[in-house]
There are 2 protein chains.
Amino acid sequence: MDLQAFQKEGHRLLDWITRYLGELERYPVLARSKPGQVRASFPSSPPGEGEPLPRILEDVERLIVPGLTHWNHPGFFAYFSISASAPGILGELLAAAFNVNGMLWKTSPVATELEAVTLDWLRQMLGLPPGLFGVIQDTASASTLVALAAAREAVPGLEARRRGLVGQARLRMYASEEAHSSVEKAGLVLGIGQEGLRKIPVDGAFRMDPAALARAIGEDRRAGWTPFAVTATVGTTSTTSIDPVPRVAEICAGEGLWLHVDAAYGGAAAVLPERRSVLAGCERADSLVMNPHKWLFVPIDLSVLYTRKPEVLRAAFSLVPDYLRTPEDAVAPNLMDYGVSLGRRFRALKLWMVLRAFGQEGIADRIREHIRLAALFRSWVEADPGFEVAAPSPFSLVCFRARFPGATPEEGDRRNEALLDAVNASGEAYLSHTKLGGRTTLRLAIGNIRTEERHVRRAWDLLREAARTGRG
Amino acid sequence: MDLQAFQKEGHRLLDWITRYLGELERYPVLARSKPGQVRASFPSSPPGEGEPLPRILEDVERLIVPGLTHWNHPGFFAYFSISASAPGILGELLAAAFNVNGMLWKTSPVATELEAVTLDWLRQMLGLPPGLFGVIQDTASASTLVALAAAREAVPGLEARRRGLVGQARLRMYASEEAHSSVEKAGLVLGIGQEGLRKIPVDGAFRMDPAALARAIGEDRRAGWTPFAVTATVGTTSTTSIDPVPRVAEICAGEGLWLHVDAAYGGAAAVLPERRSVLAGCERADSLVMNPHKWLFVPIDLSVLYTRKPEVLRAAFSLVPDYLRTPEDAVAPNLMDYGVSLGRRFRALKLWMVLRAFGQEGIADRIREHIRLAALFRSWVEADPGFEVAAPSPFSLVCFRARFPGATPEEGDRRNEALLDAVNASGEAYLSHTKLGGRTTLRLAIGNIRTEERHVRRAWDLLREAARTGRG
């Protein structure tokens with residue numbers, strides 16, 4: 001490795017990144033390339049000889065940037081808007097430079113122990129009970145898979161680890177119709193199958209109906225199913241609705257089911273003392289996932305899985321070949337034992353840098369401001385007879401649609417889609433959509449650390465203008 | 001985000017990293033901290049207020065570095081030695097700064113299309129057949145899980161996705177006794193269970209015995225099992241043995257089984273024209289995993305899964321909620337459909353930067369040198385009557401042990417363990433161990449981009465010195 005070149009080009013790259021982050025509004029939020037266009041701009045064969053770093057970095061501007069959808073852009077309001085803050089980016093740089101594999105305690109004690117330190121800090125910030133064990137996974141999909149694998153392992157008499165599922169009891173788990181697809185995906189992977197997930201209806205505010213849950217469990221038991229887990233969501237992806245976790249926890253306790261809480265997005269709001277109640281009931285969960293890469297200014301990826309039952313995760317996953325046995329096995333955790341992947345990046349480092357650089361108050365201030373901006377946008381929608389809100393907004397997402405009086409529902413859907421396309425084509429804002437009650441609904445999600453009131457105002461202006469045009 | 005602080009502290013951090021990478025030999029390879037010691041050096045509560053970046057970066061040196069096992073150290077010979085090269089580190093920095101989620105084509109076309117470009121480059125470099133579909137996963141454990149989930153989905157009439165495994169045929173898969181634990185872990189996760197994996201004996205060179213495989217499949221069919229997949233390994237973790245893939249592929253073709261090849265480490269050697277034969281037979285595999293983060297100078301994590309049957313991966317994993325449907329779904333792949341995780345970091349960027357900066361020849365030169373150094377070390381072991389080699393060395397790993405004439409096997413094991421501890425305590429080299437035929441065996445793995453002949457020579461001197469002391 002030529003360290004001089006690394007240093008010199010590293011400085012150039014840092015300057016380039018600084019400029020990029022300072023000029024984000026120059027770029028269209030949503031990439032304008034067509035399928036296949038980016039690929040065609042690259043050679044179809046690998047380079048035979050190495051090339052100097054400066055030439056490669058020039059191509060970043062020329063070939064990479066035009067194909068980006070700029071998640072950093074303050075006008076990014078789609079999906080869940082996420083942010084890589086400065087300390088998070090530097091933490092990722094440092095982790096790449098250290099390049100440790102934290103599979104065993106021994107293979108870098110600080111990777112394992114800083115994970116324990118930061119996840120306990122985060123637990124305190126969220127107001128979760130002491131004694132929870134935390135482990136970092138890459139995404140919420142992985143965290144939920146691991147949690148539900150543990151739930152499966154916990155079924156008395158099943159011994160899924162050793163015996164697998166063939167010839168066993170028919171397992172069933174539950175989540176609301178609005179739960180994230182990762183719950184269903186975990187079911188596919190775990191061999192429970194789509195039929196092993198029963199989707200529970202929601203109320204008018206898109207929250208799981210606990211009475212329907214209790215009924216479903218009873219029906220399933222009578223029909224010969226073995227219920228084993230419920231996933232409740234704090235902040236669903238479509239509308240950020242909050243399932244009634246205290247009531248669901250009671251049902252799980254009564255029925256002996258594992259309660260997993262998906263607070264991947266919504267959990268972050270509990271950093272605000274005045275919003276801590278969003279995690280009410282979660283102290284009774286067997287496991288809970290919360291993603292610092294969503295609304296906590298940590299670069300993707302970093303998902304945290306908390307559990308009261310680490311020994312069950314271990315029972316589900318631990319396999320230690322001879323070549324990975326160490327004298328410290330009995331006294332220090334080896335985090336490879338708590339998930340699918342053996343290799344583990346030093347993800348805790350960026351979380352540590354973000355938590356220290358912002359502090360609890362700095363993080364709370366930004367989340368509070370995002371919630372304020374969403375409430376402001378919602379007030380504009382509510383005040384405009386040309387629009388309507390489509391769901392409650394417990395966090396920083398607003399679901400809404402334009403009204404087209406006299407149009408059929410289908411025609412209204414088409415016009416809302418056209419409106420969305422028009423706004424997204426502006427390059428100044430990017431929103432995404434969902435379906436609520438079968439109707440196309442627009443979503444404005446605030447979570448980007450660079451989003452200011454003027455960006456929300458601009459999105460609103462673009463939406464109104466496009467609606468006016470759509471109404472002809 | 002305060003961009004000025006980012007820029008200023010980023011430059012300082014880069015200078016610090018440059019110095020760190022230039023002075024690695026100042027540090028002990030293996031961390032010297034005791035369990036709990038690192039954790040105790042951090043506050044037990046999160047900071048209330050934010051702190052300036054310079055203070056945090058000072059703590060990197062003070063609190064983080066002493067707890068690191070330095071995978072970058074040229075004397076790191078444990079497990080598989082890996083390297084984050086300069087272009088790889090800068091690629092990771094850039095990916096963190098862009099912070100895109102490549103779940104959909106639309107959410108950053110270049111994330112999806114550069115993945116296709118670089119994985120096709122890599123395919124050509126490895127001499128694999130055209131038309132293979134590649135997708136990046138985090139680690140080989142995830143790649144193997146995804147491959148075996150696809151194999152399960154491909155079982156005729158099973159419909160595992162919809163129906164799960166309960167009440168279905170008893171599935172069985174095969175891998176050698178020396179296969180990586182990730183194969184067994186995939187079985188646990190997929191609901192196949194440990195009983196659903198049959199471990200096939202190996203020959204004297206630790207390679208799967210294909211006749212034993214064929215017999216096992218026949219026996220299992222007669223006993224009512226449904227064989228469905230075989231995992232063959234090119235470069236096992238313990239000894240880097242190479243299963244006879246051409247013969248295994250023939251058996252799989254005859255029996256209608258999915259062939260997955262674990263070439264996570266060994267595949268990299270196929271970049272050398274003279275070593276391309278290590279992947280002989282792999283053109284017939286249904287899937288193959290190869291990890292650029294192992295021996296291709298890309299920072300952890302980046303694992304590549306190739307398959308001839310992407311439609312089966314999709315059938316096993318794709319779930320598209322309304323809010324993620326896009327008009328491009330029919331014409332451009334959404335890579336979230338080919339694995340567990342919905343969120344996807346822009347990992348292809350660092351691979352692109354490494355492949356361009358080194359070129360095929362630059363990569364081949366370094367791998368060739370690693371193989372040469374391993375052969376040199378092996379020749380020293382062979383020439384010294386105080387030592388013996390314990391397995392063939394088809395790549396850059398040497399398995400060996402010290403001989404203690406007159407000692408019982410158990411005593412010999414203990415003395416080899418003591419010898420290993422003594423060498424590792426030196427701080428100048430770090431080797432790991434395995435068990436071969438029940439006997440403790442030392443492993444010297446060469447893969448670090450900074451390892452030179454003098455480091456291998458120093459490790460050998462330390463080993464001989466420790467053996468002399470151990471013989472007292």
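**View 1. Contact between domain 2 and domain 3 of chain A.** In this predicted model, 18 residues of domain 2 of chain A are in contact with 17 residues of domain 3 of chain A; two residues are in contact if their C-beta atoms, placed from the backbone, lie within 7 Å. On the side of domain 2 of chain A that touches domain 3 of chain A, helix α5 (residues 109–126) of chain A gives the most, with 3 residues. Helices are DSSP runs of H or I with at least four residues, numbered from the N terminus. That side of domain 2 holds 12 nonpolar, 6 polar and no charged residues. Ala, Val, Leu, Ile, Met, Phe, Trp, Tyr, Cys and Pro count as nonpolar, Asp, Glu, Lys and Arg as charged, and the others, Gly among them, as polar.

**View 2. Domains of chain A.** Chain A is divided into domain 1 (3–68), domain 2 (101–345) and domain 3 (355–471), with bounds from an automatic or database domain assignment. The C-alpha centres of domain 2 and domain 3 of chain A are 30 Å apart.

**View 3. Contact between chain A and chain B.** Chain A brings 130 residues to the contact and chain B brings 129 residues. Helix α1 (residues 3–22) of chain B gives the most to the side of chain B that touches chain A, with 14 residues. This side of chain B has 66 nonpolar, 38 polar and 25 charged residues.

**View 4. Relation of the two copies.** Chain B is superposed on chain A by a rotation of 180 degrees with 0.0 Å of shift along its axis (RMSD 0.0 Å), fitted by least squares on the C-alpha atoms of residues with pLDDT of at least 70 in both. This is the relation of a two-fold axis. The copies meet through the same surface, because 100% of the interface residues of chain B are also interface residues in chain A.

**Notes.** Residues are numbered from 1 along each chain as its sequence is written, and chains are lettered from A and ligands numbered from 1 in the order in which they are written. As the model is predicted, local features need pLDDT of at least 70 and side-chain atom pairs count only at pLDDT 80 or more, while totals for chains, interfaces and linings use all residues.

Notes
Helix = DSSP H or I, 4+ residues; strand = E, 2+ residues; numbered from the N terminus.
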